[in-house]
4 protein chains.
Amino acid sequence: MPKMKAAVFVEKNRIVLEDKPIPEVGPLDALVRITTTTICGTDVHILKGEYPVAKGLTVGHEPVGIIEKLGSQVTGFKEGQRVIAGAITPSGHSNACMCGCSSQDGPDTKHGFKHIGGWKFGNTIDGSQAEYILVNDAQANLCVIPDGLSDTEVLMCPDIMSTGFSGAERGAVKIGDIVVVFALGPIGLCAVAGAKLLGATTIIGVDTVAARMDVAKKLGASHVIDFKQGDPVQQIMALTDGRGADVAIEALGTQGTFESCLRSLRPGGRLSSLGVYSNDLKIPLDAYAAGLGDIDIVSGLCPGGKERMRRLMEVVASGRVDLKPLVTHHYKLDQIEEAYDLFANQRDGVMKIAITP
Amino acid sequence: MPKMKAAVFVEKNRIVLEDKPIPEVGPLDALVRITTTTICGTDVHILKGEYPVAKGLTVGHEPVGIIEKLGSQVTGFKEGQRVIAGAITPSGHSNACMCGCSSQDGPDTKHGFKHIGGWKFGNTIDGSQAEYILVNDAQANLCVIPDGLSDTEVLMCPDIMSTGFSGAERGAVKIGDIVVVFALGPIGLCAVAGAKLLGATTIIGVDTVAARMDVAKKLGASHVIDFKQGDPVQQIMALTDGRGADVAIEALGTQGTFESCLRSLRPGGRLSSLGVYSNDLKIPLDAYAAGLGDIDIVSGLCPGGKERMRRLMEVVASGRVDLKPLVTHHYKLDQIEEAYDLFANQRDGVMKIAITP
Amino acid sequence: MPKMKAAVFVEKNRIVLEDKPIPEVGPLDALVRITTTTICGTDVHILKGEYPVAKGLTVGHEPVGIIEKLGSQVTGFKEGQRVIAGAITPSGHSNACMCGCSSQDGPDTKHGFKHIGGWKFGNTIDGSQAEYILVNDAQANLCVIPDGLSDTEVLMCPDIMSTGFSGAERGAVKIGDIVVVFALGPIGLCAVAGAKLLGATTIIGVDTVAARMDVAKKLGASHVIDFKQGDPVQQIMALTDGRGADVAIEALGTQGTFESCLRSLRPGGRLSSLGVYSNDLKIPLDAYAAGLGDIDIVSGLCPGGKERMRRLMEVVASGRVDLKPLVTHHYKLDQIEEAYDLFANQRDGVMKIAITP
Amino acid sequence: MPKMKAAVFVEKNRIVLEDKPIPEVGPLDALVRITTTTICGTDVHILKGEYPVAKGLTVGHEPVGIIEKLGSQVTGFKEGQRVIAGAITPSGHSNACMCGCSSQDGPDTKHGFKHIGGWKFGNTIDGSQAEYILVNDAQANLCVIPDGLSDTEVLMCPDIMSTGFSGAERGAVKIGDIVVVFALGPIGLCAVAGAKLLGATTIIGVDTVAARMDVAKKLGASHVIDFKQGDPVQQIMALTDGRGADVAIEALGTQGTFESCLRSLRPGGRLSSLGVYSNDLKIPLDAYAAGLGDIDIVSGLCPGGKERMRRLMEVVASGRVDLKPLVTHHYKLDQIEEAYDLFANQRDGVMKIAITP
């Protein structure tokens, strides 16, 4: 049985490169040879043991590669095509999928919903930080890369871009909106780009790292606020003549940013939450107008599936959003343990690392 | 190779019962033994040669039955379960399906949309007026019948109920709306029931057949209008103090009813079209306010898939809508040619005919 | 200057009936002679000093009466007409109003939003527990009572019905939904009725008072759960085969019910919050799937304005919802202090009290 | 009584500059001294007698000016402020306004809807092609111009920009959409800009005038098609690999463009109609998939009111859309008859003419 290299979760604080068998291809699967992948903040949660996965699982959920072999029931694709698949790989046929909630894709039991069930790669099945990945429900999830786009250009599509954009989409950003984005990591930066794509005219990014604030401006932020230079809520209120934001996007996953989002909103505003939280959240009574403020708090996992991937790659191909500046480092798969070390400790201004076998 | 009886389109004006092989079950299919099915107005269009299908095709798209055999890749169901499938059997994995437009389900080519592509049974693959039917993409389309519901009670779910309700849903009926439904055949009657389910408080049904108008009242019409007793638009305006309807549902497929719908709307109203038209339509300039009236004209094929079927059967099980009165006649499959004759000529007050093998 | 009786907030725990001048009618106002009004839970918060209002303010925000005098700029109404006005009386012309957020109606400054700004009666201007009330922005807020409806029949429209229904509307209840309503006070009962109006097929009411659970069944609950008979979340999961609710409506304003709502939802479900909270809220990490569960938490103040009132009275007139059983007691305005005592202490099975001058 | 110059409709083919009294200011009005206005295609319809208005009416509906005098009931503004008002000046308090349909603003009778009732200036009351205009319901309609924006920069906001953008908004353009715009006059050009603002990645403009096609590219068209170089539907299908557009925007008002829009759509697509038609429209059966194609045809009058105007001016202030290239000519009010002659005959590459008293 032929072998491949794969980054495997062994135990808390240990993700190591191991040899694993190249997987068998079932009728509905596709085997994709990875040409580029990357590490996500969620992978660091796994590394630290904060998010549990099975020992021996291959991690990673952002695959760019080439179709090596198609399952017998998969049609419309050809071996050798360059493809991506989303971090979320819905089946397409659960009840959740069939009512527009495919990120909560459940098993084919009576009801068919499961919390975070759409996220499979590097969570419940082997992931993308390897030489090969088996894509489940390939018919629903493979998406051919348009000619002329490099791996690096589409590397953000499977997760970061889909997530960040969904923050603006779920926030229902409208033409002329004031949008504030708390935390300008890769997801927050994509939320800035998404808010711009949907017609926001005032986009305020909040962070303290100069390099990130610079990228935010390139991606569409009209203003950036350094939260170390004063209470960010007060800065936002000053910038908006005391009005507050129509939409506030949380892109970090902490009580502080969640609460600042709430306090930054105008009455009737919308908090769109993207962060992965590690603790219970508190909704302060005053910031919530005791429940009478027409405030909506929306949240969710990034959308996946081939149609989502197609649209995101169209955004890249059209030149409307350029996320290459987010890819700050390049590593070989052989060096992935070093890459984790760099990324987990956020050294050297790292945003995203392209990993190539 | 074992044989079964099937109603087959032979040529214009000839649908006949023939022996056909019981189909082979592919990995993604389910073979369902039909226990009850019915004839739709669309089948009559096929019979008359007005809607083209391949010669030799088994017609019918409203299956109620028992799982006889499951494909090797289909999980979560058991042979012997009582099930229905929708008239529309989407794949779940085309681009159309993955962006919420599964009735226009296309092939797995680059773009994945096809006009009316979700309708397969009795259109592009063999249908339900037979002893057995092969359900494509069974994982996405089989839906188990809740205990305690008879075949007759769920017979309207696959098409008529889904279509009629979608007229109210696409019309975006709101609490307190005035809704008018033009034509009270089975679909119009289900549109009445759908408008009631969504909170309309004035529901005006238009027809001229007393029996249909009576059923409309049972299903939720607050008023019925006989179009032979005077211009229905004038009658509607009189009933609504000159205001007009928020939503007008077209349930016949003619220029007359389409145009009357438009003329029945208040400014800013919504025409929801369910009919299958046979001719070009005209939008009169005055009824359309020259394009400046904030009038929306929405249309579509009924939604299918197992989640839709589940919800419709819940409506039946909850007792909120009782469509048994629509089933006016019962025939054996052996007598299907007579059944077509009765139905096509709309004799004997026929609304829907239950066909049992 | 002619005088009238009015229930006035004097200080914590003292609302007393006093003589006040009948107000002058400005150009945009209408003076309405109250024929029936009622006491709301919010009024009890005011009585107890939990919600601050100016000393000397007339309380109450649910007016039914007769137009006594119209302001010079108010057209389309006649003195002597029976009318209601909503608890929320938006101006119609603030930026908030003009973007569909009229409950957060703000002043005519640059931005025009104010938290809870649409609620004026008995909050920022004199209210309805008096012989007369001055309706601000009368053109936007007076709504004529349809012939044949009694005061009692429309008494719930200004607040309770609008609030309860909005719980179902904001929850985006769909045909075939499972909806759970936590707490079956008047607002929760109206939420049950609203969920039914929008097509829910399983409606589960949670409370412990038998009389309220009985009314819930009359208004549309398919199931009622007594939270004293076991953990209500477990009871809901048992009733729904472990699936959970599509929509959970919070109708009390406590951490316990808020949290139980979250825990009752299916993945991707929607919490619609109606309660007025007195403390910070906690979102438990697990119930929120760490922010990745596609869970929306929506909230808001009840919609007001004359079009809303018109539609709610149409619901009553159509006979689709009968809220008379909620009016359990009748008092004269002269006895309003006793009425407050009864209502604040929830004695004698009181739900709502009709107050007549 | 002081006089002013005003362009008045006298009879078919005669709009002339006359002296009229400067209007009296009622309690709810504002008198605005016009500093810039323009001529719209609709005004040409009036001139030609194709759209009936009262003889003696001042025409024009695109006012930019300075508040000269405020009505006694108008607050939050100051005389001397630079303002615009929309072409549509809703009351804010009709039933139509209070349910989000303010362009069909009706009288304060029972129901409150009127076809095109929101359009008042130069239609049912005196308009903007004059030295002064009386703004009805000023509280709902005046919007202060942000510092730093010139008259020319905001001159498109009252009508052209609001209309064009609404074509994209009603079309529900999404990130990654393919949008086609038929006819690149000022409204079509604004529709291009609107589609870009909402995230479309392929925007195809159709016209034959090179100058307009050039402006379309500047405003966001990724492709332009000359309909004289071959059937535009075929060209669109070629550009989109046979898929068709998600949204087609009609911006001319003819059968040809309407029908080409329909034929350019993918199954399940959306036709957003902006044109003012002069004749009945035909929906070809095949292009409409006999009513089963999930095709929506939406239409409407441009949104007005001060919040809309505020947002549009924010778009200008943010630099996201620059419509100055649309203003090709400048005339004095004294020369307005010449300006009509130029504009009606579309000479000299005219797009929009700035008129200044």
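Tutor: A residue counts as buried under 20% relative accessible area, as exposed over 50% and as partly exposed in between, with a 1.4 Å probe and protein chains only. This is a predicted model, in which local features need pLDDT of at least 70 and side-chain atom pairs count only at pLDDT 80 or more, while totals for chains, interfaces and linings use all residues. Side-chain values use heavy atoms, with hydrogens and water left out, residues are numbered from 1 along each chain as its sequence is written, and chains are lettered from A and ligands numbered from 1 in the order in which they are written.

Student: Is Asp294(D) buried or exposed?

Tutor: Most residues other than glycine have a negative phi. Asp294(D), although not a glycine, has a positive phi of about 55°, and its place is in the loop between β13 (281-283) and β14 (296-299) of chain D, where strands (E, at least two residues) and helices (H or I, at least four) are DSSP runs numbered from the N terminus. Its relative accessible area is 13%, so Asp294(D) is buried.

Student: Is Asp241(D) buried or exposed?

Tutor: Asp241(D) also is not a glycine and has a positive phi of about 55°, and it is found in the loop between α8 (232-239) and β11 (245-250) of chain D. Because its relative accessible area is 51%, Asp241(D) is exposed.

Student: What area do chain A and chain B bury between them?

Tutor: The two sides meet through 21 residues of chain A and 20 residues of chain B in contact, that is, with heavy atoms within 4.5 Å. Buried area is the accessible area (1.4 Å probe) that two parts lose on being put together, summed over both. Carbon and sulfur atoms account for 61% of the area here, and the total is about 1,800 Å².

Student: How many salt bridges does the rule find across the interface of chain C and chain A?

Tutor: A salt bridge is a side-chain nitrogen of Lys or Arg within 4 Å of a carboxyl oxygen of Asp or Glu, and across the interface of chain A and chain B the rule finds zero. Between chain C and chain A, where about 3,900 Å² is buried, the side chains of Lys282(C) and Asp280(A) meet in a salt bridge at 3.9 Å, N to O. For the interface of chain C and chain A, the number of salt bridges is four.

Student: How many aromatic pairs does the rule count over all chains, and what kind is that of Phe258(A) and Tyr277(A)?

Tutor: Rings of Phe, Tyr and Trp (its six-membered ring) pair if their centres lie within 6.5 Å, with planes under 30 degrees apart counted as stacked, over 60 as edge-to-face and the rest as tilted. Over all chains this gives twelve aromatic pairs. The rings of Phe258(A) and Tyr277(A) have centres 6.1 Å apart and planes at 85°, so the pair is edge-to-face.

Student: How many residues apart in sequence are the parts that Phe258(A) and Tyr277(A) tie together?

Tutor: Both Phe258(A) and Tyr277(A) are buried. Phe258(A) lies in helix α9 (residues 255-264) of chain A and Tyr277(A) in the loop between β12 (265-273) and β13 (281-283) of chain A, so the separation of the parts, in residues, is 19.
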